[in-house]
Amino acid sequence: MSIRIGKADDNDYVVDDPHVSRHHARITRVEDGGLLLEDLGSTNGTFVNDVQIMRKYVLPTDRIRLGDTCSLLVSEVLKSDNDYSEEFAALRDVYDDYVKAKVKIQSSNQFKIRIFQSLPFALLGVVGVVVGFFGKGNPVLFAASLIVTVCAPTIGIYLGAKQSAKIPRQLQELANRFKIDYVCPKCGTFLGEIPWESLRNRKRCPVSSCKAKWVRE
Ligand SMILES: [Zn+2]
């Protein structure tokens with residue numbers, strides 16, 4: 001956990017004071033649970049009990065001062081922690097599952113379309129053999145085989161088209177669920193179809209008012 005304090009908007013704790021630097025100080029919870037206050041090279045300095053410090057362990061009950069006038073209680077600053085790293089890590093599975101489901105829908109539909117399109121042609125072959133075998137001189141069988149010859153491709157195209165029309169609907173349902181699940185854990189903004197690894201490289205939510213930290217720093 002690490003909280004940056006300063007005048008700039010990209011801090012976790014934004015201070016509106018002309019004597020405070022853009023990135024003034026940082027409070028980090030170290031491994032043993034202690035709170036380390038560090039000055040980030042500020043112009044007017046960071047103070048604990050009126051003593052200027054560069055690095056000092058503080059308690060939640062301590063009061064710190066940034067520059068001449070800005071006084072803050074450490075416990076107050078701690079409330080602005082925006083660590084959402086655990087919730088963000090869980091989104092990795094959400095993204096992977098979405099991609100897998102999408103590929104599965106597309107490939108299984110392509111297989112069905114091919115089956116539907118080729119079945120009537122297989123039927124056509126059977127009819128052709130039957131007519132050839134029994135139908136010598138029989139006008140009824142000849143007419144029937146002619147009709148099947150004309151109809152089979154039409155039926156094949158129809159069945160194939162009907163199956164391919166199912167894809168957008170299934171994909172739409174999948175996309176709708178994804179839009180609800182693949183969101184910033186703090187502000188709920190949909191993260192788009194951006195791979196989880198790419199989002200992790202951003203480290204923080206791009207929504208400026210959110211300030212959620214996706215990766216622990
Ligand atoms: Zn957010």
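The chain has a radius of gyration of 33 Å, whereas a compact globule of 217 residues would have one near 17 Å; the radius is taken over C-alpha atoms, and the globule rule is 2.2 Å times the number of residues to the power 0.38. The model is predicted: local features need pLDDT of at least 70, side-chain atom pairs count only at pLDDT 80 or more, and totals for chains, interfaces and linings use all residues. Residues are numbered from 1 along each chain as its sequence is written.

**Overall form**

- The C-alpha trace of the chain spans about 115 × 35 × 20 Å along its principal axes.
- Five helices and nine strands are present; these are DSSP runs numbered from the N terminus, with helices being H or I of at least four residues and strands E of at least two.
- Along the sequence, the elements follow the pattern β-β-β-β-β-β-β-β-β-α-α-α-α-α.
- Of the 217 residues, 16% count as buried, a residue being buried if 20 or more other C-beta atoms, placed from the backbone, lie within 10 Å of its own.
- Of the contacts between residues at least 6 apart in sequence, 47% join residues at least 24 apart; a contact requires C-beta atoms, placed from the backbone, within 7 Å.

**Helix α3**

- Helix α3 covers residues 91–134, and its 44 residues should span 64 Å at 1.5 Å a residue, which agrees with the 65 Å between its end C-alpha atoms; the expected span is 1.5 Å times one less than the number of residues.
- At Ser 118 the helix α3 bends by about 25°, and Pro 120 follows within four residues; the bend is the angle between axes fitted to the seven residues ending there and the seven starting there.

**Sheet**

- An open sheet of five strands runs in the order β2-β1-β3-β4-β7 with mixed pairing, where two strands pair if DSSP finds at least two bridges between them.
- Its edge strands, β2 (13–14) and β7 (55–58), each pair on one side only.
- Strand β1 (residues 2–6) pairs with β2 in the parallel sense over two bridges, and Gly 6 has Val 14 of β2 as its bridge partner.

**Nonpolar cores**

- The largest nonpolar core has twelve residues, among them Ile 3, Ile 5, Leu 35, Leu 37, Ile 64 and Leu 66; such a core is a set of buried Ala, Val, Leu, Ile, Met, Phe, Trp, Tyr and Cys residues joined through C-beta atoms within 7 Å.
- Two or more residues of this core come from each of β1, β3 (25–29), β4 (35–39) and β8 (63–66).
- A second, separate core of ten residues includes Leu 91, Leu 199, Cys 205 and Trp 214.
- Beyond its neighbours within four places in sequence, Ile 64 is in contact with residues including Leu 37, Phe 47, Val 58 and Leu 72.

Note on methods:
Two residues are in contact if their C-beta atoms, placed from the backbone, lie within 7 Å.
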